[in-house]
Amino acid sequence: MANILLTGVPGVGKTTVIKHFIERANVTFTGFYTGEERNAGGQRIGFKVTRVDGSKEATFASINLSTKARIGKYAVDVDRFESVALPMLDPGRADLVVIDEIGKMEMFSAQFKQKVLACLDTGRVLATILMKSGVPFTDGIKQRHDVTLLEVTRENRERLVDRLLSMVQGSR
């Protein structure tokens, strides 16, 4: 299997594609998801990180945090992110490592970047990655020879789960 990276505009359904794939795939997983946190009025106020096995989650970016690491109006708590995500980025734990996502907030962690590269070297990663170019770390990953980059769109996101299943389970 080659590493598979999903990209696309924010909110198109990349994480949903991965979750539906995990529900249907006949392989073991380790890794994490990220997701939005919204207030009662529906406004986005932050982001959380959750282990794929559901054993631990934490808010790692929020308008209500106060840290030096910032992306727009969100302060990023690198320690919280690392405590949930990094232990799960171990290819020895499962058939496939899920990394949702390789984005700007996550890149505040040097350890995360090292672990991502180590996981990619195994050829057993399913990840979402920043679509925007001009970010050296993510641009480098997208240009690797062992990566298949798929764009998630509103038109293809339902079919993409089946394509991922055939790519991953067909290579075993």
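**Entry 1: the model**

I'm working from a predicted model.

**Entry 2: α1 against α5**

I started with helix α1, residues 14-24, and helix α5, residues 157-169. I went for angle and distance, since two packed helices are described by the angle between their axes and the distance between the axes. For this pair the axes lie 9 Å apart and the packing angle is about 50°. That makes α1 oblique to α5, because an angle between 35 and 65 degrees is neither roughly parallel nor roughly perpendicular. I also looked up the handedness, and the crossing of α1 and α5 is right-handed.

Which residues of α1 meet α5? I get Val17, His20, Phe21 and Arg24 on the α1 side. Facing them in α5 are Arg157, Leu160, Val161, Asp162, Leu164, Leu165, Val168 and Gln169. I sorted the residues of this contact by type and got seven nonpolar, three charged and two polar.

**Entry 3: the buried side of α1**

Next I asked which residues of α1 are buried. They are Lys14, Val17, Ile18, Phe21 and Ile22. Looking down the axis of α1, I find these buried residues within an arc of 135°, so they line one face of the helix. What do they pack against? Helix α5 is one partner, and the strands are β1 (3-7), β2 (29-38), β7 (96-102) and β8 (125-129). Val17 and Phe21 are on the buried list, and both also turn up in the contact with α5.

**Entry 4: Arg163 in α5**

I stayed with α5 for Arg163, which lies in that helix. Arg163 counts as partly exposed, since its relative accessibility is 44%. I checked its spacing to Phe21: 142 residues apart in sequence, but 9.5 Å from C-alpha to C-alpha.

**Entry 5: Thr34 and Gly35 in β2**

I then moved to strand β2, where I find Thr34 and Gly35. Buried or partly exposed? Thr34 counts as buried at 10% relative accessibility, whereas Gly35 comes out as partly exposed at 23%. The cut-off that matters for this pair is 20%, because buried means under that value.

For contacts I left aside neighbours within four places in sequence. Thr34 is then in contact with Thr15, Lys48, Val49, Phe60, Asp100, Glu101 and Glu106. Gly35 touches Gly46, Phe47 and Lys48. Lys48 is on the list for Thr34 and on the one for Gly35. I also looked at Gly35 and Thr50, 15 residues apart along the chain, and their C-alpha atoms are separated by 8.1 Å.

**Entry 6: two loop residues**

Where is Met107? I find Met107 in the loop between β7 and α3 (110-122). Not counting residues up to four places away in sequence, Met107 touches Lys113, Val135, Phe137 and Thr138. Lys68 is 39 residues from Met107 along the chain, and I read 14 Å between their C-alpha atoms.

Ile63 sits in the loop between β4 (57-62) and β5 (70-71). Ile63 is partly exposed, with a relative accessible area of 36%. Its contacts, with residues up to four places away in sequence not counted, are Ile45, Lys73 and Tyr74. I also checked Ile63 against Pro91, 28 residues apart along the chain, and got 33 Å between the C-alpha atoms.

Key:
Residues are numbered from 1 along each chain as its sequence is written. This is a predicted model: local features need pLDDT of at least 70, side-chain atom pairs count only at pLDDT 80 or more; totals for chains, interfaces and linings use all residues. Side-chain values use heavy atoms; hydrogens and water are left out. Axes are lines fitted to C-alpha atoms, for helices over the stretch in contact, and angles run from 0 to 180 degrees between N-to-C directions. Helices (H or I, at least four residues) and strands (E, at least two) are DSSP runs, numbered from the N terminus. Angles under 35 degrees count as roughly parallel, over 145 as roughly antiparallel, 65 to 115 as roughly perpendicular and the rest as oblique. A crossing is left-handed if the near helix is turned anticlockwise from the far one by less than a right angle, and right-handed if clockwise. Contact means heavy atoms within 4.5 Å. Ala, Val, Leu, Ile, Met, Phe, Trp, Tyr, Cys and Pro count as nonpolar, Asp, Glu, Lys and Arg as charged, and the others, Gly among them, as polar. Buried means under 20% relative accessible area, exposed over 50%, partly exposed in between (1.4 Å probe, protein chains only). The arc is that of the directions from the helix axis to the C-beta atoms.
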